[in-house]
Amino acid sequence: MPAHASDTLTDFAGLTREQAALRLRPHGFGEGKLRDLWKRVYRDLADPFSDAPSGDRKLDALREHFTLCAPEVAAQTHGGDGLTRKFLFRLHDGQTIETVLMRQAGRHTACVSTQAGCAQGCVFCATGQGGFRRHLTTGEMVAQIRHVARTLAADGERLRNIVLMGMGEPLHNYDAVRDFLAVVQDDLGIGIAPAHTTLSTVGLVPGILRMARENFPAHLALSLHAANDADRQALLPPARRWPLAELMAACDEYTAARREKIFYEWTLVGGKNDSDTQARELAALLAPRAGFAHVNLIPLNLTDGYAGTPTPPDRVQRFQALLKEAGIPATVRSRRGLDVAAGCGQLAKVAARHAR
C-alpha cells in the first residue's frame with residue numbers, strides 16, 4: 001500500500017472522527033465499529049490498512065478505499081543530552097519536514113511542522129530562508145504525532161504536549177491545523193489536551209481573530225521580537241502588513257474572549273533587540289496587558305543565512321530583570337537540541353546540502 005492518499009485512496013489520518021463517520025458509513029461501519037477502528041489507529045498506534053489481514057471482512061475491505069499517511073524517516077539525530085531527538089520526514093512528493101521530540105520528566109513534547117517551507121521570511125529562521133513550498137495536509141501533521149507517540153510507547157512513555165512551532169506558519173494553514181488538533185486531541189485516541197497544546201504565529205492578524213472567535217483549542221504564542229514597527233518589520237516581513245497597533249488590538253480581542261495569557265516570544269539577537277531601551281519599550285507595550293502576558297526570551301539559534309549572533313548570557317539576564325522589575329513575567333527558554341540542528345528548518349538544510 002502507498003504511504004499517502006492517492007486519487008483512489010483516502011488518507012484516514014486526514015479525517016476527524018466526525019468526517020470518518022461519514023466516509024465509513026457506506027462501508028457498514030456504525031459508531032461502535034468506528035470507535036474500535038479509531039482506538040486501533042490512535043491508541044494502539046497500529047496501521048490496519050497495511051498490517052496483515054485481520055480476518056474482519058469489513059475492516060479488511062477498507063484497504064481498497066483507505067490508507068494511512070506514514071512518511072519515510074529520511075534522517076534522525078539525537079541530542080547529546082539524551083532528551084532531544086529530531087526526525088526528518090520525506091513526504092510522498094519528495095518534500096522534507098522536521099519534527100522534534102523533547103523529553104522531560106512527565107511531559108514529553110512534540111514540536112510539529114505545519115508546512116513544507118514557510119512564506120513568512122523571518123530573517124533568522126532557517127525555514128523562512130528557504131521559502132515556501134506547500135501546506136501540509138492534516139494527515140501529514142497527524143503522521144508526525146503518530147511517529148513520535150510510537151517512539152515514546154516503545155519506552156513505555158506517553159506524549160503529553162504538542163507545540164506547533166516547527167516548519168511553517170500554522171495560521172497560514174488554519175483549517176488543516178484545526179482538523180489536525182481535532183484528531184490528536186480526541187479522547188478516544190492520542191488524547192492531547194487543549195491545555196497542553198500551543199500554537200506559535202509570527203502575527204497573522206486574521207488568524208488570531210479567528211482563534212479568539214472560534215475558541216481554537218490551543219494556547220497562543222506570538223513571535224514578537226521587537227516592540228516598535230521599524231525594528232519588527234526589519235526582522236519579520238509580515239509586520240509590514242500588520243503593524244503593531246493592529247496586532248496588539250487582535251491580541252486584546254483574543255484575551256478578552258479567552259481570558260487566558262498570550263506567550264510573547266522574543267528571540268534575542270546580539271546588538272539588535274537586546275538593549276535596556278528595548279527591554280523597557282517591550283515592558284511599556286505589555287504593561288496594559290500584564291495580567292495576560294508572559295515573555296519567553298529565546299537566545300538566537302545560529303543559521304547559515306543570517307549573520308546575527310546570540311545575546312551574551314549576562315545581557316539576557318539583564319533584559320529579563322528589566323522586564324520583571326516592570327511587572328512583566330519573563331522566562332529564558334533553554335536552547336535545547338543545538339547539537340541536533342533542532343532549530344526550525346536546520347536539519348532539512350543539512351540534508352539538502354548532503355543530497356547535492
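Predicted model: local features only at pLDDT ≥ 70, side-chain atom pairs only at ≥ 80, totals over all residues.
Reader: Why is H5 called oblique to H6?

Author: Helix H5 (residues 138–153) packs against helix H6 (residues 174–184) at an angle of about 40°, their axes being 8 Å apart. Angles under 35 degrees count as roughly parallel, over 145 as roughly antiparallel, 65 to 115 as roughly perpendicular and the rest as oblique. H5 is therefore oblique to H6.

Reader: Which residues make the contact of H5 with H6?

Author: Contact means heavy atoms within 4.5 Å. H5 contributes Thr138, Met141, Val142 and Ile145, while H6 contributes Ala176, Val177, Asp179, Phe180, Val183 and Val184. These residues comprise 8 nonpolar, 1 polar and 1 charged. Here Ala, Val, Leu, Ile, Met, Phe, Trp, Tyr, Cys and Pro count as nonpolar, Asp, Glu, Lys and Arg as charged, and the others, Gly among them, as polar.

Reader: What makes H1 and H2 oblique to each other?

Author: The axes of H1 and H2 cross at roughly 125° and come within 10 Å. H1 and H2 are therefore oblique to each other. H1, too, passes H2 in a right-handed crossing. On the H1 side the contact involves Arg17, Ala20, Ala21 and Leu24, which meet Glu31, Leu34, Arg35, Leu37 and Trp38 in H2. By class there are 6 nonpolar, no polar and 3 charged residues in this contact.

Reader: Why are E3 and E14 said to stand at the edges of the sheet?

Author: The open sheet has 10 strands in the order E3-E4-E5-E6-E9-E10-E11-E12-E13-E14, and its pairing is mixed. Strand E3 (72–78) and strand E14 (330–332) each have a single partner strand, so one side of each is left without a neighbour in the sheet.

Reader: How do you know that E3 and E4 pair?

Author: Two strands pair if DSSP finds at least two bridges between them. E3 and strand E4 (residues 84–90) are joined in the antiparallel sense over 6 bridges. His78 has Arg85 in E4 as its bridge partner.

Reader: Why is the pair of Phe12 and Phe49 called tilted?

Author: The whole structure holds 9 aromatic pairs. Rings of Phe, Tyr and Trp (its six-membered ring) pair if their centres lie within 6.5 Å; planes under 30 degrees apart count as stacked, over 60 as edge-to-face and the rest as tilted. The ring centres of Phe12 and Phe49 are 5.4 Å apart and the planes stand at 45°, so the pair is tilted. Phe12 lies in the loop between strand E1 (10–11) and helix H1 (17–24), and Phe49 in the loop between helix H2 (31–42) and helix H3 (57–61), so the pair ties together parts that are 37 residues apart in sequence.

Key. Residues numbered from 1 in each chain as written. Heavy atoms only, no water. Axes fitted to C-alpha atoms, helices over the stretch in contact; angles between N-to-C directions. Helix = DSSP H or I, 4+ residues; strand = E, 2+ residues; numbered from the N terminus. Left-handed = near helix turned anticlockwise from the far one by under 90°.
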